[in-house]
Amino acid sequence: MNDMNLHLALTFLGGVGLFLLGMRLMTDGLKVAAGDALREILARGTATTPRGIISGIGITAVVQSSSAVIFATVGFVNAGLLTLFQAVGVIIGSNIGTTATSWLVAIVGFKVDLQALALPAVAIGMLLRVTGQGKRRAYLGDALTGFGIFFLGLDVLKASFGDFGEGFDLAAHTGNGVWSLLMFAAIGVIMTVVMNSSSASLAITLTAAGTGLIPLTSAAAMVIGANVGTTSTALFAVIGATSSAKRAAMAHVLFNVVVGIVAFVGLPALLWLVAHAAQLMRLEPGPATSLAIFHTTTKLLGMAIFWPLTPRLVKFLERRFRSAEEDEGQPRHLDRNIASTPDLALDALNMELKRIGEIARRGARDVISMEGSAAIERLRRDRAIVDRLILATAEFSNRAQYGEIPASIADGFPLAMRIGRYYGDIVEHVEEVAKLEATLSTPTDPAISEALTEFRRETAHFLALADPDTEGFEMKPIKRAIKDFADDYQSLKALLLRAGADDRLPVRQMVARLDELSHVRRIVDQAYKAAKYTRRLRKQLYQHQDEAGGVEDTDTYRDDAVMEMTGAPTPSATEDQEAPTGPAYPTGSSEADETQPRSPG
């Protein structure tokens with residue numbers, strides 16, 4: 001008896017192994033054979049929830065793996081190629097598409113001589129593989145071979161379950177009570193997690209039920225468990241992923257868990273519905289066919305529940321898994337309700353730009369003062385935050401300019417967009433400096449090392465002066481400081497070139513240091529422009545408020561004539577008039593910047 005049990009166990013495991021191998025070959029072969037078509041469908045065929053559902057059904061039915069589709073969907077959300085709203089539609093469709101495996105097992109697995117179907121499929125598949133090396137038909141051959149191995153494994157499972165049923169009446173030990181059903185549901189969960197394939201778990205369940213090893217009700221509970229267990233794929237996919245990807249994975253988990261609970265509670269009613277559906281469809285009665293109908297019914301029930309709730313589900317999930325980046329990247333002053341009041345809207349833009357400037361200057365200070373490599377990931381996060389806020393200010397500015405704008409602040413909105421663009425340039429160059437600094441070693445020449453330290457000190461000093469939110473901010477010291485910076489920049493550049501020519505500094509190090517200097521110069525240049533135009537924007541804003549009865553800040557925002565005491569060039573009349581009017585955008589031509597003062601380089 002023990003030898004027989006061992007033989008049955010090994011036969012069963014061999015059947016499962018063949019089944020999993022066949023599924024793997026089918027999925028991988030079909031994915032490669034389809035080329036970029038599946039990615040194109042996933043990226044473009046998801047504009048609305050119905051289209052997303054249809055795309056999810058079609059792709060999953062083709063590749064025979066909901067896990068592969070869920071992985072791809074989460075990856076697309078992680079990369080920003082799909083929105084959460086689009087992903088929910090694909091997830092619903094993918095769960096429906098996975099029922100194709102159940103129908104394949106129910107219709108073909110119990111009505112066809114599996115070996116007569118499987119062996120020719122393996123033979124043709126291997127012929128395509130051997131004769132199509134490096135071509136698409138080779139992968140189509142892998143899929144066909146996998147199809148054959150899939151049915152060989154299914155045939156082995158049928159035989160092992162039949163032999164097992166002759167010696168053991170497992171059905172006699174399975175009741176229909178709640179605890180018994182929960183046990184079978186748990187078995188379905190465990191099988192799916194261990195094999196990492198709900199399709200394999202479902203095939204085993206349908207085969208066991210089809211051979212009479214377990215009753216229909218218990219098998220239906222296992223199907224529910226398999227559907228819940230498949231969520232482990234999505235949970236594995238979001239390790240280290242973005243918040244958006246975590247939300248997409250949670251949508252998959254919620255779909256299967258909620259559907260599982262509803263199906264478990266309504267199991268008797270659903271099985272009654274399945275029996276009547278089989279009669280209406282004139283399908284040959286049998287446990288495997290009934291389970292295929294049951295599996296499809298539960299997924300359609302899930303679609304009926306989640307499709308109307310998709311907008312609410314998206315809003316619910318967007319409030320969860322919030323990262324520090326997203327919290328800081330949310331506008332705090334751009335209230336849609338004040339967009340129709342231009343002076344309030346411009347004041348809100350001014351306050352939001354203050355936040356953006358703080359983030360940009362924070363990263364610049366950190367990367368300039370840091371000896372060695374900077375926290376590149378944090379700086380990359382800051383850049384994403386600034387980019388998001390700049391886009392929000394652009395959209396808000398465009399809404400604010402749809403109505404009539406007072407002439408006194410008409411130029412303020414384009415100025416605000418210009419300032420935002422300068423801050424965006426700063427965080428871009430800050431990230432590049434951090435990347436270069438991570439690859440550079442401290443120079444062995446004391447003169448070079450000392451010159452670099454002094455240059456960083458002067459840059460940090462300039463950035464402190466260029467902060468328009470410091471008390472007593474004025475442009476006069478900034479104009480003087482940018483001249484000093486230009487001299488320091490040229491001196492250090494000449495020093496590095498001489499050191500490279502004299503072999504006191506490796507050529508690669510010299511080139512990298514010069515690139516770093518160029519990025520730092522651009523940071524200073526953009527910081528100067530941001531400070532100058534922020535001063536101009538606030539001067540315009542406060543003058544408008546003074547005309548309307550506000551308080552004029554005469555100490556901080558002085559006339560340009562006072563600034564000419566340094567002898568430094570002041571903004572010309574052309575500069576004052578060059579800002580375009582009308583709706584502004586965060587990016588655009590850089591030609592207008594060519595007329596602005598730049599730090600010499």
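The model is predicted, so local features need pLDDT of at least 70 and side-chain atom pairs count only at pLDDT 80 or more, while totals for chains, interfaces and linings use all residues. Residues are numbered from 1 along each chain as its sequence is written, and side-chain values use heavy atoms, with hydrogens and water left out.

Let's start with H20, residues 446-465. Helices are DSSP runs of H or I with at least four residues, numbered from the N terminus. The expected span of a helix is 1.5 Å times one less than its number of residues.

Which residues of H20 are buried? They are Ile448, Leu452, Phe455, Arg456, Thr459, Phe462 and Leu463. These residues cover an arc of only 125° around the axis, so they sit on the same side of H20; the arc is that of the directions from the helix axis to the C-beta atoms. The face turned away from the buried side carries the exposed residues Pro446 and Glu450. At the start of H20, a side-chain oxygen of Asp445 comes to within 2.9 Å of the backbone nitrogen of Ala447.

Side chains of opposite charge can pair when their charged atoms come close. A salt bridge is a side-chain nitrogen of Lys or Arg within 4 Å of a carboxyl oxygen of Asp or Glu, and the structure holds 19 of them.

One joins Arg129 and Asp142, with the closest N and O atoms 2.5 Å apart. This pair links distant parts of the chain, with Arg129 in helix H7 (residues 114-131) and Asp142 in helix H8 (residues 136-167), 13 residues apart. Both Arg129 and Asp142 are buried.

Another salt bridge brings together Arg355 and Glu352 at 2.6 Å, N to O. Arg355 and Glu352 are separated by about one helical turn because they are three residues apart in helix H17 (residues 342-369). Both Arg355 and Glu352 are buried.

Glu431 forms a salt bridge with Arg380, the closest N and O atoms being 3.4 Å apart. This pair also links distant parts of the chain: Glu431 lies in helix H19 (residues 412-439) and Arg380 in helix H18 (residues 376-400), 51 residues apart.

Are these two partners buried or partly exposed? Glu431 is buried, with a relative accessible area of 3%, whereas Arg380 is partly exposed at 34%. Glu431 and Arg380 also belong to a network of salt bridges that links them with Arg383, Glu432 and Lys435.

Terms used:
Helix = DSSP H or I, 4+ residues; strand = E, 2+ residues; numbered from the N terminus. Buried < 20%, exposed > 50% of the residue type's maximum accessible area, 1.4 Å probe, protein only. Polar contact = N/O pair within 3.5 Å; in protein donor to acceptor, adjacent residues only side chain to side chain.
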